[in-house]
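Visitor: Could you walk me through this one? I'd like to start with the charged side chains and then go on to the strands and helices.

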Amino acid sequence: MVAKQRRIVVGVDGSASAAQALRWAIEQARVTGADVVEAVMVWELPAGYAFAGGMVPPPPAELDPERLAAQVLAEAVREVTGGEPAVPVRELVLPGPASVALLGQAKGAELLVVGSRGLGGFAGVLLGSVSRHVVEHAPCPAVVVRARSGEHHGGDEPAGDG
């Protein structure tokens with residue numbers, strides 16, 4: 001019988017808070033003995049393309065959001081790990097929306113980790129909308145990691161909504 005792989009899923013979007021979440025997830029995997037960290041980048045076309053009913057021209061043929069997301073993800077993983085992660089990191093690029101993709105990938109995981117770029121002192125503002133949604137609906141324990149002081153770059157959407 002094959003043992004089930006112990007994995008930690010982390011949302012990555014190229015932001016400072018997502019980089020901090022990836023660092024945290026890798027260290028958590030190392031300390032707890034998890035087999036792999038799944039770094040997940042989520043992409044989706046702007047809503048206008050999906051709902052315009054032909055009113056908006058299609059995106060340019062050279063636009064490949066999945067390829068662009070894979071490049072951003074690879075660069076983020078390389079920057080965080082220096083090319084030598086303490087545990088294996090599997091890079092996954094999934095179609096969005098971010099919260100749906102992350103929750104789906106987290107099924108069967110030990111832990112789901114996301115960054116938060118929200119500001120303020122109460123839940124609706126402290127957490128971005130994606131991090132708040134995954135914390136409320138995660139199929140496993142979830143951790144929200146904030147960027148270190150001075151690393152905040154604005155925005156609200158961790159893990160691929162941007």
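**Charged pairs, strands and a helix**

Guide: Glutamate 38 and arginine 7 are both buried, where buried means under 20% relative accessible area, exposed over 50% and partly exposed in between, with a 1.4 Å probe and protein chains only. The model is a predicted one: local features need pLDDT of at least 70, side-chain atom pairs count only at pLDDT 80 or more, and totals for chains, interfaces and linings use all residues. Residues are numbered from 1 along each chain as its sequence is written, and side-chain values use heavy atoms, with hydrogens and water left out.

Visitor: What joins the side chains of glutamate 38 and arginine 7?

Guide: A salt bridge, at 2.7 Å from N to O. The term stands for a side-chain nitrogen of Lys or Arg within 4 Å of a carboxyl oxygen of Asp or Glu. Glutamate 38 is in strand S2 and arginine 7 in strand S1, 31 residues apart, so the pair links distant parts of the chain. Helices (H or I, at least four residues) and strands (E, at least two) are DSSP runs, numbered from the N terminus.

Visitor: Which residues share salt-bridge partners in one network?

Guide: Arg7, Glu38 and Arg90.

Visitor: How many salt bridges are there in the whole structure?

Guide: The search finds five. One of them is between arginine 6 and glutamate 110, with the closest N and O atoms 2.2 Å apart. That pair also links distant parts of the chain: arginine 6 is in the segment before S1 and glutamate 110 in the loop between H4 and S4, 104 residues apart.

Visitor: What stands opposite glycine 11, and what is the bridge partner of valine 37?

Guide: Glycine 11 is opposite valine 40 in S2. The chain gets from S1 to S2 through helix H1 (residues 16–32), a right-handed β-α-β crossover. Right-handed means that, with the strands pointing away from the viewer, the path from the first strand over the helix to the second runs clockwise. For valine 37, the partner is valine 89 in S3.

Visitor: How much of S2 is buried?

Guide: Seven of the eight residues in S2 (36–43) are buried.

Visitor: New topic: H6. Which residues of H6 are buried?

Guide: In H6 (residues 129–137) they are Val130, Ser131 and Val134. They cover an arc of only 95° around the axis, so they sit on the same side of H6; the arc is that of the directions from the helix axis to the C-beta atoms.

Visitor: What do they pack against?

Guide: Helix H4 (98–105), strand S4 (111–116) and strand S5 (142–146), with contact meaning heavy atoms within 4.5 Å.

Visitor: And which salt bridge does arginine 132 form?

Guide: Its partner is glutamate 136, with the closest N and O atoms 3.0 Å apart. Both lie in H6, four residues apart, about one turn of the helix. Arginine 132 is partly exposed at 36%, as is glutamate 136 at 49%.

Terms used. Pairing = 2+ DSSP bridges.
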